[in-house]
Amino acid sequence: MIQRPALTRDDAMTLLLAAEAEAARNDWAVSLAVCDDGGHLMAFVRRPGATPASAQIAQAKARTAALMRRETLGVEQMINQGRTSFLSVPGLDGLLEGGVPVLVDGHCVGAVGVSGVKSTEDAQIARAGIAALLQQG
């Protein structure tokens with residue numbers, strides 16, 4: 001049997017609340033999603049003023065980061081550098097920066113996806129949530 005860490009409900013809420021606090025500090029209207037390692041939604045919030053589309057995009061970014069075990073920025077860069085055939089990968093549709101995997105002891109245990117501001121700011125928010133969880137540690 002392989003044994004590895006996994007996100008709990010409390011972990012997902014820690015990630016979500018810390019990421020939302022980062023968004024609130026900057027007065028950013030975003031949607032935030034936390035998923036497990038299989039891309040299944042565990043926690044979500046759409047902040048006041050966030051667009052309806054950002055809700056779907058945040059969840060897609062989180063799912064893609066979890067399934068790919070890498071930041072969605074890398075996927076976006078790969079496509080922008082000409083590997084457009086990657087757009088046909090089934091089940092992945094959050095191909096923009098702002099999805100960040102949660103890595104614990106070398107294992108991807110889930111991901112955070114954020115949408116609603118500049119993609120670099122989306123990623124900043126996601127990383128803030130992850131940092132809070134890992135500092136708890």
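Cys108 lies in strand β4, a strand being a DSSP run of E with at least two residues, just as a helix is a run of H or I with at least four, both numbered from the N terminus. Cys108 is buried, with a relative accessible area of 8%. Buried means under 20% relative accessible area, exposed means over 50%, and partly exposed lies in between (1.4 Å probe, protein chains only).

This is a predicted model, in which local features need pLDDT of at least 70, side-chain atom pairs count only at pLDDT 80 or more, and totals for chains, interfaces and linings use all residues. Residues are numbered from 1 along each chain as its sequence is written, and side-chain values use heavy atoms, with hydrogens and water left out.

**Around Cys108 and Asp37**

- Setting aside residues up to four places away in sequence, Cys108 touches Arg4, Asp37, Ala66, Arg69, Pro101, Val102 and Leu103. Contact here means heavy atoms within 4.5 Å.
- Cys108 and Ala65 are 43 residues apart in sequence, and their C-alpha atoms are 9.4 Å apart in space.
- Asp37 sits in the loop between β1 and β2. Its relative accessible area is 18%, so Asp37 is buried.
- Residues up to four places away aside, Asp37 touches Arg4, Ala66, Leu67, Arg69, Cys108, Val109 and Gly110.

**Helices α1 and α4**

- Helix α1 covers residues 9–25 and helix α4 covers residues 119–136. They pack at an angle of about 135°, with their axes 7 Å apart.
- Axes are lines fitted to C-alpha atoms, for helices over the stretch in contact, and angles run from 0 to 180 degrees between N-to-C directions.
- α1 and α4 are therefore oblique to each other. Angles under 35 degrees count as roughly parallel, over 145 as roughly antiparallel, 65 to 115 as roughly perpendicular, and the rest as oblique.
- From α1, the residues that meet α4 are Asp11, Thr14, Leu15, Ala18, Ala19, Glu22 and Ala23. Their partners in α4 are Gln124, Ile125, Ala128, Gly129, Ile130, Ala132, Leu133 and Gln136.
- By class, this contact of α1 with α4 has 9 nonpolar, 4 polar and 2 charged residues. Nonpolar covers Ala, Val, Leu, Ile, Met, Phe, Trp, Tyr, Cys and Pro; charged covers Asp, Glu, Lys and Arg; the others, Gly among them, are polar.
- An α-helix has 3.6 residues a turn, so residues three or four places apart point the same way.

**Nonpolar cores**

- The largest nonpolar core has 21 residues. Such a core is a set of buried Ala, Val, Leu, Ile, Met, Phe, Trp, Tyr and Cys residues joined through side-chain atoms within 4.5 Å.
- Leu15, Leu32, Val34, Val112 and Ile125 have the most contacts inside this core.
- At least two residues of this core come from each of α1, β1, β2 (41–46), β3, β4 and α4. α1 gives the most, with 5 residues.
- Neighbours within four places in sequence aside, Leu32 is in contact with Leu16, Ala19, Glu20, Ala43, Phe44, Val45, Arg47, Ala58, Gly113, Val114 and Ile125.
- A second, separate core has 7 residues, among them Cys35, Ala58, Ala62 and Ala65.
- In soluble globular proteins, nonpolar side chains tend to be buried together.

- Ser54 lies in helix α2. Its relative accessibility is 2%, so Ser54 counts as buried.
- Ser54 touches Ser31, Ser115 and Gly116, not counting residues up to four places away in sequence.
- Helix α3 spans residues 72–80, and its Thr72, Gly74, Val75, Glu76, Met78 and Ile79 are buried.
- The cover over the buried residues of α3 includes α2 (52–68) and β3.
- Gly82 follows α3 and has a positive phi, near 115°.

**Exposed residues and positive phi**

- Most residues other than glycine have a negative phi.
- Asp27 is not a glycine, yet its phi is positive, near 55°. Asp27 is found in the loop between α1 and β1 (31–36), and at 68% relative accessibility it counts as exposed.
- Asp105, also not a glycine, has a positive phi of about 50°. Asp105 lies in the loop between β3 (99–104) and β4 (107–115), and is exposed, with a relative accessible area of 68%.
- Arg25 is in helix α1. Arg25 is exposed, with a relative accessible area of 60%.
- Arg25 and Ala55 are 30 residues apart in sequence and 20 Å apart in space, C-alpha to C-alpha.
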